[in-house]
Amino acid sequence: MQIETKLPKVGTTIFSVMSQLALEHKAVNLGQGFPDFEPPPALREAVARAMAEGRNQYAPGIGLASLREQIALKTQRMYGRHISADTDVTVTSGATEALFAAIAAIVRHGDEVIVFDPAYDSYEPAIELQGARAVHIPLTVPKFSIDWQRVRDAVTAKTRMILINSPHNPSGAVLSAADLEALAAIVRDTPIVVLSDEVYEHIVFDGAQHESVLRHPELAERSIVVSSFGKTYHCTGWKLGYAVAPKALSAEFRKVHQYLTFCTFHPAQQAFAEFMASSPEHYLELPAFYQAKRDRFRALIKPSRLSLIDVPGGYFQLVDYSAIRDEPDTAFCEWLVTQGGVAAIPLTPFCEQAPDTRLLRLCFAKSDATMEAAAERLCKL
């Protein structure tokens with residue numbers, strides 16, 4: 001039977017490809033963005049306790065009330081925005097599901113969605129599955145900042161959504177309060193919805209404040225904000241996230257969510273509700289925790305021939321490898337994993353057009369032993 005694909009540009013994700021190569025070549029995996037250390041013991045114990053207590057059937061579709069209440073409290077505490085746990089918060093099966101549900105709920109056939117390259121690779125397929133078009137605007141290198149005039153020029157009558165990501169994957173760049181003002185001016189008096197991917201919201205360095213759109217009252221009224229428990233609590237395999245949006249947007253979001261996954265992992269929801277109430281210091285201490293890892297990793301690879309790009313947020317380090325080999329990033333990453341024994345991620349899969357750079361992404365959400373093993377190999381290149 002002849003199958004006509006709905007996603008002709010999509011193959012196996014680069015993260016799966018590089019992780020498989022790392023396994024085959026026994027390489028140190030700094031590619032896929034997951035920690036190689038465990039979640040907090042009290043959180044793991046809470047999950048086990050929830051299972052033992054029988055929390056093993058469907059959770060409410062929008063998420064446990066106790067967890068949504070903790071999310072609302074955190075949103076008030078962190079960003080000064082009062083939201084309703086009943087109407088404005090939806091718990092999802094990871095941030096990727098939340099992003100897909102948001103796009104599917106808002107974007108229609110023939111619409112346009114502005115994204116910024118390098119853009120996380122799940123964005124465009126979700127847009128294309130709605131019969132819409134992703135309009136790619138490249139970020140300015142090396143700061144990976146947004147040229148807001150280019151955004152103004154790209155807005156048309158078909159623009160339905162602008163998708164932002166801060167802290168940014170893969171660069172670690174963060175948006176400023178001035179950036180949010182520029183965005184607000186562009187979408188003001190338009191039907192454009194903002195989708196804000198903020199999964200690294202608690203990983204911002206050097207005393208900086210995360211500028212969530214939830215801090216900006218005008219933007220918050222027209223935005224869907226996506227967050228990740230996996231990134232914050234070192235448990236990416238649990239696939240738990242959430243979306244915050246005003247009542248009208250949440251209602252549309254929930255229509256898609258209920259037929260996409262309906263609900264998500266019940267024991268973990270109970271555990272997070274308990275842990276957020278008892279240990280709010282966890283996410284408050286996360287910037288210092290990851291800044292120490294960032295600084296340790298940068299010190300370890302500084303003697304190498306890799307040139308380090310500044311990292312304001314997130315847990316990825318971009319490096320320029322041009323002093324080692326002059327070849328496209330995908331080819332270099334394949335050489336690096338097979339010959340250098342380290343798996344990394346190229347930037348090309350994040351872009352509509354291959355960038356004229358020699359950059360790759362390394363993950364430092366790793367134990368000291370993993371970082372040291374990788375650095376030893378990188379310094380030999």
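Ser 223, Val 225 and Ser 227 point one way from strand E7, while Ile 224, Val 226 and Ser 228 point the other way, and all are buried (under 20% relative accessible area with a 1.4 Å probe and protein chains only; exposed is over 50%, and partly exposed lies in between). E7 covers residues 223-228; strands here are DSSP runs of E with at least two residues, helices are runs of H or I with at least four, and both are numbered from the N terminus. This is a predicted model, where local features need pLDDT of at least 70, side-chain atom pairs count only at pLDDT 80 or more, and totals for chains, interfaces and linings use all residues. Residues are numbered from 1 along each chain as its sequence is written, and side-chain values use heavy atoms, leaving out hydrogens and water.

Now look at what sits beside E7. Strand E6 (residues 193-197) runs parallel to E7, joined by four bridges (pairing takes at least two DSSP bridges), and Leu 195 stands opposite Ile 224. Strand E8 (residues 241-244) pairs with E7 in the antiparallel sense, with Ser 227 opposite Tyr 242.

One joins Arg 81 and Glu 221 at 2.5 Å, N to O. Arg 81 lies in the loop between helix H3 and strand E2, and Glu 221 in the loop between helix H8 and E7, so the pair ties together parts 140 residues apart in sequence. Arg 81 is buried, at 17% relative accessibility.

Technical notes: A salt bridge is a side-chain nitrogen of Lys or Arg within 4 Å of a carboxyl oxygen of Asp or Glu.
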